[in-house]
Amino acid sequence: MIRAAPGLVVALMALPVAAGLAGAVLPAFGYFPALGGADFSLAPWRDLAAWPGLGSAVRLSIVTGLGATVISLAITLLIVAAWQGTRSFRVVTSLLAPLLSLPHAAAAFGLAFLIAPSGWVARALSPWATGWDRPPDLLIVNDQAGLALIAGLVLKEVPFLMLMTLAALGQTDSARRMAVARSLGYGRVMGWAKTVLPAVYRQIRLPVFAVLAYSMSVVDVALILGPTRPNTLAVQVLDWMTAPDLTLRFTASAGAVLQLLLVLGALAVWILAERIVAARGRLWAGRGARGQMLDTPLRTLVALPMAFIGLGVGLGLTGLALWSVAGLWRFPDLLPQSYGLRVWTDQSAQLVGLGRTTALLAGLSALIALVLTIAHLQAGASRLVKVIYIPLLVPQIAFLPGLSALGLWLGLDGTLGAVLAVHLVFVLPYVALSLSDPWQAWDHRAGLAASALGAGPWRVLVAVRLPMILRALCIAFAVGFATSVAQYLPTLLIGAGRVGTLTTEAVALAASGNRRLIGVWAVMQMALPMVVFALALALPALIARRRRGLKVA
Amino acid sequence: MSLQLDKLRITQDGREMVSLDLTVAAGEVLTLMGPSGCGKSTALAAIIGALPPAFKMTGHIHLGGKDVTNVPTFKRRMGLLFQDDVLFPHLSVGGNLGFGLPRGTPDRDARIAEALSAAGLDGMGKRDPATLSGGQRARVALMRTLLSAPHALLLDEPFSKLDAGLRDQMRAFTFAQARDLPTILVTHDIEDARAAGGRVLSVTGTSIS
């Protein structure tokens with residue numbers, strides 16, 4: 001099994017994506033015998049072109065994707081450059097784990113509740129500053145320009161990129177580079193940008209690409225925060241996919257292929273921009289500007305987005321929790337007039353049922369991913385294969401419709417096993433990314449010492465290596481668990497409406513506008529992965545309590 | 001029981017690093033000396049069967065008359081001590097000693113208690129290894145290796161990280177405990193070689209005195 005693991009991992013990452021893409025490309029050109037499309041034609045593309053929203057949908061995909069990526073990357077790098085090595089930085093990094101475990105949808109709901117015309121921001125300013133005594137008729141959430149969507153994406157992508165940057169810092173000799181730059185009189189930010197950034201960026205390139213692809217084609221966040229008339233392209237493809245009129249599947253497939261092409265085009269533009277920035281950057285670095293005066297203003301400047309993210313998430317989630325127990329809550333009151341658990345009790349049976357399915361899917365997929373990752377690494381794959389990024393780079397909306405058609409054809413759609421398998425495609429990359437560094441960092445002499453004492457490879461793995469990296473194993477499990485809980489589109493399309501989770505239920509409520517109901521489901525959705533994360537941090541700490549030599553960082 | 005290196009040659013990119021052709025008798029301590037980077041640790045890695053793939057090895061290794069050249073590390077029955085103690089941090093002191101003791105050994109607890117006592121650590125079996133002093137940890141590492149009943153002992157600069165005062169003590173303790181085994185000591189410290197009291201060679205087999 002160990003020897004087969006690398007091949008299995010590659011197959012698990014590449015095959016569903018390849019099959020799904022084939023299942024999108026063929027119908028996009030009219031071929032889908034089950035639906036009467038026996039001949040190739042360009043009719044699906046003509047139908048797609050006839051959709052009046054196409055122009056704005058394409059523009060939205062590009063603007064929100066590039067916007068969210070540039071902003072997230074800039075904030076991440078500035079935070080690290082300006083604050084690395086300080087106390088505040090350690091506080092910020094300790095908040096990363098809970099932020100990462102937060103599902104996109106819950107974060108998006110929190111932000112929506114906060115900035116909506118009847119949200120806390122408007123309430124706090126009313127009526128004394130705004131004169132509003134009822135919620136204003138403004139399109140803040142779901143705005144046409146996609147600004148709310150960009151904000152919602154930045155909220156979640158900065159923690160992800162930050163974690164990737166921190167991992168990269170450990171491999172780039174950043175402390176010594178900074179020491180040299182500082183001793184030559186460079187300011188903190190300038191020195192970091194000129195000496196550490198080039199090495200770090202090389203390491204975080206693929207995660208940045210993943211952020212770009214994700215931001216351009218996201219569905220669940222767009223359903224909550226994105227424009228509605230017209231929809232974003234990804235949401236429209238989903239609409240066509242799930243429409244009762246099955247002929248619309250052809251249009252959906254053409255849309256899915258267009259989405260893929262847009263992402264590939266944007267990646268090409270990004271790579272071109274990288275070259276230009278790198279060439280200009282080398283000239284700039286050679287000119288020797290020290291930038292000592294930049295540190296204080298930049299530190300202050302970057303504190304703003306940090307506060308935006310912290311407050312946005314913190315207040316957003318508090319708002320969700322408060323709405324879930326709110327009775328009467330008049331505008332512009334800051335707090336509800338009465339509280340009650342009515343919605344919770346009304347929903348309790350469903351909450352427990354779907355909560356159980358969610359936890360089962362998440363627990364199993366995280367566990368399988370962990371075993372596969374360990375087997376993959378144990379088989380001597382010293383570095384993770386790049387294949388692991390395929391499911392993160394190809395937009396979900398581009399290959400999941402085709403995959404669900406395949407599932408339908410095989411009679412597997414709507415089964416728990418099929419949903420579990422497709423969750424695994426997205427859970428495995430994150431588990432592998434999370435585990436590979438601690439796995440490599442393990443002191444190999446412990447393994448040699450154990451071998452010399454007569455322990456075979458299995459005993460070295462089970463009795464020495466795994467216990468020594470227990471903390472990393474627990475965190476990788478929690479990351480996988482949270483990834484599974486957050487999956488919306490795979491659950492929806494492969495589950496075919498017969499397998500539901502907390503996430504599909506919560507996102508389905510987005511259009512309802514029922515704040516109390518959304519609050520209940522979103523709170524459940526975020527609580528489940530957070531509890532698992534808390535346990536993942538507590539368990540190794542408890543075990544390591546009497547073993548000081550085990551690193552508990 | 002003796003350890004024989006039969007025309008053992010290690011090369012890297014065609015360049016010879018190690019060349020040894022000798023036999024270490026039971027109870028003898030052979031010292032390999034040289035500056036860091038000369039290939040001492042590479043020689044030990046080859047003898048224990050953990051040579052990195054960048055190196056090429058020819059020749060044979062015999063232990064107690066048996067050819068162990070292709071036997072995996074965990075079946076070779078050669079004990080190894082590093083510069084650091086490399087105690088397993090997730091196990092207690094007693095757990096570390098028990099890890100070394102072969103499965104199916106009768107009276108495990110008594111054997112562990114005996115080893116603790118020999119190391120001057122009576123009753124410390126339940127302790128966290130991280131709470132021990134450097135010298136105590138080094139003694140636990142040695143006892144752990146000896147409990148695994150090795151047929152030879154390989155020492156990779158095991159005294160270099162100890163304080164000067166502890167070093168003499170630990171040398172005496174180690175050589176006394178290892179008295180019946182063929183032992184190869186790798187070091188850059190002439191004092192180690194003197195304390196070992198045996199032949200002193202470079203990794204290419206030339207005698208150093």
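Reader: I'm looking at A:Arg205. What relative accessibility does this residue have, and how is it classed?

Author: Buried means under 20% relative accessible area, exposed means over 50%, and partly exposed lies in between (1.4 Å probe, protein chains only). At 30%, A:Arg205 counts as partly exposed. Before we go on, this is a predicted model: local features need pLDDT of at least 70 and side-chain atom pairs count only at pLDDT 80 or more, while totals for chains, interfaces and linings use all residues. Residues are numbered from 1 along each chain as its sequence is written, chains are lettered from A and ligands numbered from 1 in the order in which they are written, and side-chain values use heavy atoms, leaving out hydrogens and water.

Reader: Which side chain does A:Arg205 meet in a salt bridge?

Author: A salt bridge is a side-chain nitrogen of Lys or Arg within 4 Å of a carboxyl oxygen of Asp or Glu. Here the partner is A:Glu274, with N and O 2.9 Å apart. A:Glu274 sits in helix α13 (residues 248–286) and A:Arg205 in helix α10 (residues 188–217), so the pair ties together parts of chain A that are 69 residues apart in sequence. Helices (H or I, at least four residues) and strands (E, at least two) are DSSP runs, numbered from the N terminus. A:Glu274 is buried, at 15% relative accessible area.

Reader: How many salt bridges run between chain B and chain A?

Author: There is one. B:Asp84 and A:Arg445 meet with N and O 2.8 Å apart. The pair joins two chains, because B:Asp84 lies in the loop between β6 and α3 of chain B, and A:Arg445 in helix α19 (residues 444–452) of chain A. B:Asp84 is partly exposed at 25%, and A:Arg445 is partly exposed too, at 29%.

Reader: How much area do the two chains bury between them?

Author: Buried area is the accessible area (1.4 Å probe) that two parts lose on being put together, summed over both. For chain B and chain A that is about 2,200 Å², 66% of it on carbon and sulfur atoms. B:Phe74, B:His90 and B:Phe99 supply 32% of the area that chain B buries against chain A, more than any other three residues.

Reader: Which charged residue is buried yet has no salt bridge?

Author: Lys and Arg count as positive and Asp and Glu as negative; His and the chain ends are not counted. The case here is B:Asp128, whose nearest side chain of opposite charge, A:Arg547, is 4.3 Å away. B:Asp128 is found in the loop between α4 (108–118) and α5 (134–147) of chain B. Contact means heavy atoms within 4.5 Å. Beyond its neighbours within four places in sequence, B:Asp128 has contacts including A:Arg546, A:Gly549 and B:Pro89.

Reader: What about the backbone: where are the cis peptide bonds and positive phi values?

Author: Most residues other than glycine have a negative phi, and most peptide bonds are trans. A cis bond joins A:Arg229 and A:Pro230, with omega about 0°, and A:Pro230 lies in the loop between α11 (220–225) and α12 (233–242) of chain A. The bond from A:Phe331 to A:Pro332 is cis as well, with omega near -5°. As for phi, B:Val86 is not a glycine, yet its phi is positive, about 50°. B:Val86 is buried at 9% relative accessibility. B:Glu157, not a glycine either, has a positive phi of about 45°, and is buried at 7%.
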